[in-house]
Amino acid sequence: MATSRLLAPNSSRSRFKTVLWIFLGFTALFVFITSEVLLVTDYPMYHAYRLQVIADRHLLIPHTLAGIFALLIGPINFSSRIRQRHLKFHRVLGRIYVISVFIGATTGVTLAFGRPGFPGTCGQAAAWVVCTTAAFITAHNRHIVQHRQWMARSYAVTFTFISSRVLNLWPRYWSHLGDTLSAVGVIAFTLASLLLVDLGLNWRELTTRRD
Ligand code: HEM
């Protein structure tokens, strides 16, 4: 069961966690530079989208702030050391994470309203809210193993903001996906992220046989 894996910290698991966070950090940095910085500096390929972003700024500012909070709180709250030493801090950040996800999801759905990507964004927002609510309830009910599993799923959805932008610099990906494929793409990224997390949570059970 995933339970045994989550309750048994060992050096190879903590090494895996470190490598994973470094990889996710570099991916986020790459996307920040190739998507957000280039968007701000008016990179020609992003020009039309930039105009849309400027027009949406009233919703995008709270949306982005909430998303950044969620992105940054994840790695802090997944740290076993911080959680063990500063449980109150972990709880406060956890509540800020939940509020951020709710703000990020509602502003995201409002931004997409009336656009072709609306169904995809609704699916993504629903997954984000469901996983985060389940994480909050399991923590409240002191089911800590399940709380960590739901948080991993919730953070996987948070991270789709990064993973879905990794290929942005590739012109065919950026401009030729089309409206329908873009909407399907968002759902595909969300489902693939959730699937990856569950494969990770069950890795031991998938790779070893019970005596
Ligand atoms: C880590 C979390 C997130 C952050 C930091 C974030 C931030 C941003 C930023 C900076 C933009 C405008 C620039 C760009 O597209 O790159 C944006 C657009 C948008 N985001 Fe998010 N976001 C996050 C997660 C989400 C999620 C989970 C959803 C779905 C509920 C979502 C829905 C949207 C929508 C619909 C747009 C507008 C896209 C468009 O105009 O075509 N975001 N977000």
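The pLDDT is the predictor's confidence in each residue, on a scale from 0 to 100. In the present structure, which is a predicted model, the mean pLDDT of the protein is 91, with 93% of the residues at 70 or more. Confidence is lowest in helix α1, spanning residues 2–7, where the mean is 46, whereas the highest value, 98, is found for helix α8, which covers residues 144–158. Throughout residues 1–8 the pLDDT lies below 50, and this stretch makes 20 contacts in the model beyond its near neighbours in sequence.

The second largest pocket was assigned a volume of about 1000 Å³. Its lining comprises 29 residues, of which Phe16, Leu20, Leu24, Leu196 and Val197 are the closest to the centre of the pocket. Helices α1, α2 (11–40), α8 and α11 (178–201) each contribute at least two residues to this lining; among these contributors are both the helix with the lowest confidence, α1, and the helix with the highest, α8. In terms of residue class, the lining of the second largest pocket consists of 19 nonpolar, five polar and five charged residues.

Helix α2, one of the helices that supply the pocket lining, also contains Val40. The relative accessibility computed for Val40 is 61%, and this residue is therefore classed as exposed, since that class begins over 50%. Val40 and Val53 lie 13 residues apart along the chain, and the separation between their C-alpha atoms is 9.9 Å in the model.

Note on methods: Residues are numbered from 1 along each chain as its sequence is written. This is a predicted model: local features need pLDDT of at least 70, side-chain atom pairs count only at pLDDT 80 or more; totals for chains, interfaces and linings use all residues. Side-chain values use heavy atoms; hydrogens and water are left out. Helices (H or I, at least four residues) and strands (E, at least two) are DSSP runs, numbered from the N terminus. Contact means heavy atoms within 4.5 Å. On a 1 Å grid over the protein atoms alone, a cavity is a set of points where a 1.4 Å probe fits but cannot get out, and a pocket is an open set with protein on both sides within 12 Å along at least five of seven lines; lining residues have an atom within 4 Å of a point. Grid points are joined across faces, edges and corners, and a volume is the space filled by probe spheres set on the points. Ala, Val, Leu, Ile, Met, Phe, Trp, Tyr, Cys and Pro count as nonpolar, Asp, Glu, Lys and Arg as charged, and the others, Gly among them, as polar. Buried means under 20% relative accessible area, exposed over 50%, partly exposed in between (1.4 Å probe, protein chains only).
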